[in-house]
2 protein chains.
Amino acid sequence: MPVTLPAVSLALSGERFVAVYRLAGDPAEAQRKALDICLEQTVELPLALVPAGDIRDHIVGRVESLESAEAGYCRARISFAVETAGSELTQLLNVAFGNTSFKSGIRLERLDLPEGLLRAFPGPRFGREGLRSLLDAPRRPLLGAALKPMGLPPSGLAQLAYQFALGSIDLIKDDHGLANQPLAAYRERAQRCAEAVARANRQTGLNCLYAPNISAPADQVLDRALWARQVGAGALLITPGLTGFDVMRQVAADDRVALPIVSHPAFQGSFVAHPDQGISHYTLFGQFNRLAGADVSLVINYGGRFASTLQDCLAWAAGTAAPMGHLKSIFPAPAGSISLDRMPEMLRVYGNDALFLMVGDLYQQGPDLTENCRRWRRLVDRIAAAEA
Amino acid sequence: MPVTLPAVSLALSGERFVAVYRLAGDPAEAQRKALDICLEQTVELPLALVPAGDIRDHIVGRVESLESAEAGYCRARISFAVETAGSELTQLLNVAFGNTSFKSGIRLERLDLPEGLLRAFPGPRFGREGLRSLLDAPRRPLLGAALKPMGLPPSGLAQLAYQFALGSIDLIKDDHGLANQPLAAYRERAQRCAEAVARANRQTGLNCLYAPNISAPADQVLDRALWARQVGAGALLITPGLTGFDVMRQVAADDRVALPIVSHPAFQGSFVAHPDQGISHYTLFGQFNRLAGADVSLVINYGGRFASTLQDCLAWAAGTAAPMGHLKSIFPAPAGSISLDRMPEMLRVYGNDALFLMVGDLYQQGPDLTENCRRWRRLVDRIAAAEA
């Protein structure tokens, strides 16, 4: 006879959230996997050991539906009491995919979160509309560039920022590899680049935003965000795969910072590398980024040097705009192998509600960086006008 | 003619660190992948656009060797200037695997870090020796348990903690799904469980450590660690996949906390799910955890409900003890499908330098939890004595 664990009565709201999983296997195998998720993600005990009463009836996950999907797969909707996540993003991620990340043939495809849970998360402060309003660009596609390569001193990076901004680029981000190395220490770099962009904005009358990279040790991220604000940077870049999603959420929620946030996906590629495992592009880069307050989700573009497919990128972009209660839609920002030649295709695929990031081809097009940027702007405006 | 980027002279130390990658493909394909890593992880530009001088010569990664490995694979040792990482863990992870996580057929296998880089990281505060000293257990295997299921109130969890501790368990951790839910709010739970374990310790004369789970929103992790210290908890549990590795590093480095840290791998399974992608168990759970200051690395055990293999677990454990300059060795803590029956096998595989975590089978063995724990202790001591 085993240990008797006490049956308890819990004051539960009755609200539940749903996680949708794609399960490899036939319906019998999928059923086994679904029931396993219900236990693993909550009580972490075999059902026989779970105390009767509210823990067994309401804390253990519940298979709401299980259907056959594409050949060889099923799709399960599993609900969890909102109390299992409390109101913390870290624990919400844990219930959705914590230990299950070590099981084979289970991919987290989507979260459906009720308002009772969503209200714990303010989400994106700006979103698509807010960013368009800052840029005075109600409808057109947005253009972005990055400061690189690593190794240039702050003065050299600021000079590039000035030329990009003068060329009517909307958003200029640090390359995500610029941290606080001695090569271009954060504070000086952020200040010089922000000043350079402000100088260009005075000349152009535009409002180009500069986003310094605040991915940093945990105890320094907020300081870097506040410094960015102080020196007049118009946005921020952060890599939640390095810092943790919740560090981004903390920055986004801080009223002293109040700048749009570009989320970079570096270090997160393994979550989408295995077709039968991990987390969908839609949820990881769309839904999680929005829960954590990003305003822009950088998309690793297809057709170039990365493993992304067109389908991956469409799912990625779809997650930035799918209904999520009060959480604002955010911009997908395709990056990697974007070139002037590919712009007609890029605009067809992503539409106008995207921020296109280009660097290499802007360096390639001719000796005058500002003129190269302007050519890109004219090309994009011409294509967008022709389609309107 | 492209834009001319300025050639710069950099004051570099000449010290480089090495990342070892396993590359899918024949030597020609592997060579292409290796050169791509050199650029992608540093300058993120095609080589033709990289300015001549120190950026091209020293900032771009360098293929130190490329050898054929098992059939269909090659192994590349790529070195990077220590200045590309600066002295930040976030950026070190970024250089080692940031954007490369989105490439196919590349697995990060190992880091070789020179002391010039390692000195930025104090690493584990206790390590194997420190933990053994706290527990007055110079050689024997350590035994651990977890408080579950989610849904029990603090009083019920504290009662379990008391029984485990009375049964001579060495370390009792919160289940990693206990966060700060209304079901068992953190502060009350940590205090009650710490008090229960202290009471048992006064009876047994042992020094069982209780590790509350401080995985939390970024701005609350340190508060929870300090609360744990204040109420007399003997250790901490944190899940870096949820909080970010650097949040754990911050806690480990804080002299006001100064408690052993158990690192839980939840949410990190996708990094090891694809055989040709991601990060090795050795590096992710051994090397990274030690860089981030963990004293114990919870191992998702083989032979049970998870995808881990024996080989995975051996690599995981090897990473906890491999030479890394001044960084202490830490304990592997196999968890999942550990049972009394399997202890002879477990001790053969992991040896005495492991902390074995069991819950389900301790609940199953009989109605008296304390007696079940004592039986486990006697069994393990008998096996260990017979082998000595």
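The following legends describe close-up views of a predicted two-chain model.

Residues are numbered from 1 along each chain as its sequence is written, and chains are lettered from A and ligands numbered from 1 in the order in which they are written. In this predicted model, local features need pLDDT of at least 70, side-chain atom pairs count only at pLDDT 80 or more, and totals for chains, interfaces and linings use all residues, while side-chain values use heavy atoms, with hydrogens and water left out.

**View 1. The two copies and their axis.**

**View 2. The interface between chain A and chain B.** Each chain brings residues to the contact, 93 from chain B and 93 from chain A, where contact means heavy atoms within 4.5 Å. About 7,500 Å² is buried between the chains, and carbon and sulfur atoms give 66% of this area (buried area is the accessible area, with a 1.4 Å probe, that two parts lose on being put together, summed over both). Phe102(B), Met150(B) and Phe267(B) supply 11% of what chain B buries against chain A, more than any other three residues. The copies meet through the same surface, because 100% of the interface residues of chain B are also interface residues in chain A.

View 3. Helices (H or I, at least four residues) and strands (E, at least two) are DSSP runs, numbered from the N terminus, and the expected span of a helix is 1.5 Å times one less than its number of residues. Of the 13 residues of H7(A), 10 are buried; buried means under 20% relative accessible area, exposed over 50%, and partly exposed in between (1.4 Å probe, protein chains only). Among the buried residues are Leu157(A), Tyr162(A) and Phe164(A). The buried residues of H7(A) pack against strands S5 (142–147) and S6 (171–174) and helices H8 (186–204), H15 (360–364) and H16 (369–387) of chain A. After H7(A) comes Ser168(A), with a positive phi near 70°.

**View 4. A β-α-β unit in chain B.** Strand S11(B), helix H12 (residues 310–319) of chain B and strand S12(B) make a right-handed β-α-β unit. A crossover is right-handed if, with the strands pointing away from the viewer, the path from the first strand over the helix to the second runs clockwise. S11 (residues 296–300) of chain B and S12(B) pair in the parallel sense over 5 bridges, pairing being counted if DSSP finds at least two bridges between two strands. Leu298(B) has Ala333(B) in S12(B) as its bridge partner. S12(B), residues 331–335, is largely enclosed by the rest of the structure, because 5 of its 5 residues are buried. On one side of S12(B) lie Phe331(B), Ala333(B) and Ala335(B), and on the other Pro332(B) and Pro334(B).

**View 5. Ile300 and Cys313 of chain A.** Ile300(A) lies in strand S11 (residues 296–300) of chain A, and Cys313(A) in helix H13 (residues 310–319) of chain A. Ile300(A) counts as buried at 2% relative accessibility, as does Cys313(A) at 0%. Leaving out residues up to four places away in sequence, Ile300(A) touches residues including Cys313(A), Trp316(A) and, from the other chain, Phe102(B). With the same exclusion, the contacts of Cys313(A) include Ile300(A), Tyr302(A) and Tyr350(A).

**View 6. Backbone details in loops.** The peptide bond from Lys148(A) to Pro149(A) is cis, with omega near 5°; Pro149(A) lies in the loop between S5 and H7 of chain A. In chain B, a cis peptide bond joins Lys148(B) and Pro149(B), with omega about 10°. Glu44(A), which is not a glycine, has a positive phi of about 50°. This Glu44(A) lies in the loop between helix H1 (27–40) and helix H2 (54–59) of chain A and counts as buried at 10% relative accessibility. Asp136(B) has a positive phi near 50° and is exposed, with a relative accessible area of 67%.
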